[in-house]
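Thanks for coming, everyone. Let me put the model on the screen and walk you through it.

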Amino acid sequence: MQTPPEVLNTERLRICRLRMPDADRIFEGWAQDPKVTRYLTWKPHETINDAIAHATRCEADWDNGKRYSWMLEDRASREALGAIAAHPAGHRVGLGYVLKPDACGNGFMTEAVSELTRWFLAQPDVHRIWAICDCENLASARVLERAGFQCEGVLRRWTVHPNVGPEPRDVLCFSIIRSES
Ligand SMILES: CC(C)(COP(=O)(O)OP(=O)(O)OC[C@H]1O[C@@H](n2cnc3c(N)ncnc32)[C@H](O)[C@@H]1OP(=O)(O)O)[C@@H](O)C(=O)NCCC(=O)NCCS
């Protein structure tokens with residue numbers, strides 16, 4: 001698969017490669033918030049160093065093709081609204097995403113997921129885009145449904161969400177596939 005674009009534009013969003021200097025905006029915007037991170041696999045950041053380490057990993061992962069991370073910005077103001085990442089593995093691409101609290105409720109993530117899904121499914125060697133969310137994370141499940149993903153079912157005891165508890169939890173698995181013609 002070719003490397004995805006560093007910048008994509010939608011009607012309201014600028015989706016641009018996450019870089020080291022974004023650590024500040026990530027830390028201030030959402031990474032410290034326990035409500036935001038409740039159903040994520042990582043604990044809230046305690047210091048700016050956590051965000052710097054995260055941004056450093058994102059830069060390296062992009063360069064070695066392991067994971068592609070973008071910031072989501074308001075297209076007009078360039079305000080940081082959230083982030084989204086895509087993890088390719090053969091013909092499959094997994095997605096994960098986060099919005100800052102005051103950006104929620106506007107359909108921004110549906111817009112971002114739809115745009116990246118469109119791009120990835122246009123690649124001849126990509127056949128499946130997928131994402132999981134905690135069974136209690138109804139907002140995330142709705143984002144995926146609205147972006148055209150189908151719920152494939154429950155993966156039982158699939159992921160530890162450490163901000164909920166130490167036990168692995170059930171998640172919903174969603175996917176969208178290239179239709180054969
Ligand atoms: C998941 C997330 C990206 C959704 O962001 P969003 O685009 O603002 O989503 P919205 O607030 O517009 O909600 C999307 C849908 O879920 C619904 N919804 C939102 N909160 C809900 C809740 N607590 N219970 C039920 N439905 C809910 C909304 O009504 C909307 O549905 P509709 O389009 O049918 O009206 C955002 O909540 C977030 O960043 N959460 C924290 C990080 C996270 O959980 N990431 C996903 C990990 S899998």
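A word on labels before the tour: helices (H or I, at least four residues) and strands (E, at least two) are DSSP runs, numbered from the N terminus. Residue numbers start from 1 along each chain as its sequence is written. The model is predicted, so to speak of local features we need pLDDT of at least 70, side-chain atom pairs count only at pLDDT 80 or more, totals for chains, interfaces and linings use all residues, and side-chain values use heavy atoms, with hydrogens and water left out.

Start with the ligand. Which residues come nearest to the ligand? Of the 20 residues around it, they are Leu99, Gly105, Asn137, Arg142 and Arg146. Near here means that one of a residue's heavy atoms lies within 4 Å of the molecule or strand in question.

Which elements build the shell? Strand S5 (92-99), helix H3 (108-121), strand S6 (128-134) and H4 each supply at least two residues. H4 gives the most, with six residues. By type, the shell divides into 13 nonpolar, five polar and two charged residues. The classes are these: Ala, Val, Leu, Ile, Met, Phe, Trp, Tyr, Cys and Pro are nonpolar, Asp, Glu, Lys and Arg are charged, and the others, Gly among them, are polar.

Now the polar contacts. The term means a pair of N or O atoms within 3.5 Å; within protein, one must be able to donate a hydrogen and the other to accept it, and residues adjacent in sequence count only if both atoms are side-chain atoms. Tyr97 places a backbone N or O atom 2.8 Å from a nitrogen atom of the ligand. Gly105 has a polar backbone atom 2.7 Å from a ligand oxygen. Arg142 uses its side chain: an N or O atom there is 2.7 Å from an oxygen atom of the ligand. On its own the ligand has 950 Å² of accessible area, and the protein covers 68% of that. Those areas come from the Shrake-Rupley method with a 1.4 Å probe; for residues, only the protein chains shown count as cover.

Stay with H4 for a moment. Val143 is found in this helix, which spans residues 138-146. Is Val143 buried or exposed? Val143 counts as buried because its relative accessibility is 14%. The cut-offs: buried is under 20% relative accessible area, exposed is over 50%, and partly exposed is in between (1.4 Å probe, protein chains only). Beyond its neighbours within four places in sequence, Val143 is in contact with Tyr97, Met109, Thr110 and Val113. Contact means heavy atoms within 4.5 Å. Val143 and Gly107 are 36 residues apart in sequence, yet their C-alpha atoms are 7.7 Å apart.

Next stop, strand S3. Ser69 is found there, in residues 68-74. At 4% relative accessibility, Ser69 counts as buried. Its contacts, leaving aside neighbours within four places in sequence, are Arg17, Leu18, Cys58, Trp62, Ile84 and Ala85.

On to charge pairs. Side chains of opposite charge can pair when their charged atoms come close. How many salt bridges does a search of the whole structure find? The count is 19. The criterion is a side-chain nitrogen of Lys or Arg within 4 Å of a carboxyl oxygen of Asp or Glu.

Take Arg17 and Asp63. Their closest N and O atoms are 3.2 Å apart. This pair links distant parts of the chain, 46 residues apart: Arg17 in strand S2, Asp63 in helix H2 (residues 48-63). Arg17 is buried at 7% relative accessibility, whereas Asp63 is exposed at 59%.

Glu115 forms a salt bridge with Arg118, with closest N and O atoms 2.7 Å apart. Both lie in H3, three residues apart, about one turn of the helix. Glu115 is buried at 14% relative accessibility. Arg118 is partly exposed at 46%. Elsewhere, salt bridges that share partners join Glu6, Arg17, Arg19, Glu59 and Asp63 into one network.

Last, two backbone angles. Arg78 has a positive phi of about 65° although it is not a glycine. Arg78 lies in the loop between S3 and strand S4 (80-89), and is partly exposed at 45%. Arg157 is not a glycine either, and has a positive phi of about 55°. Arg157 is found in strand S7 (residues 150-160) and is exposed at 52%.
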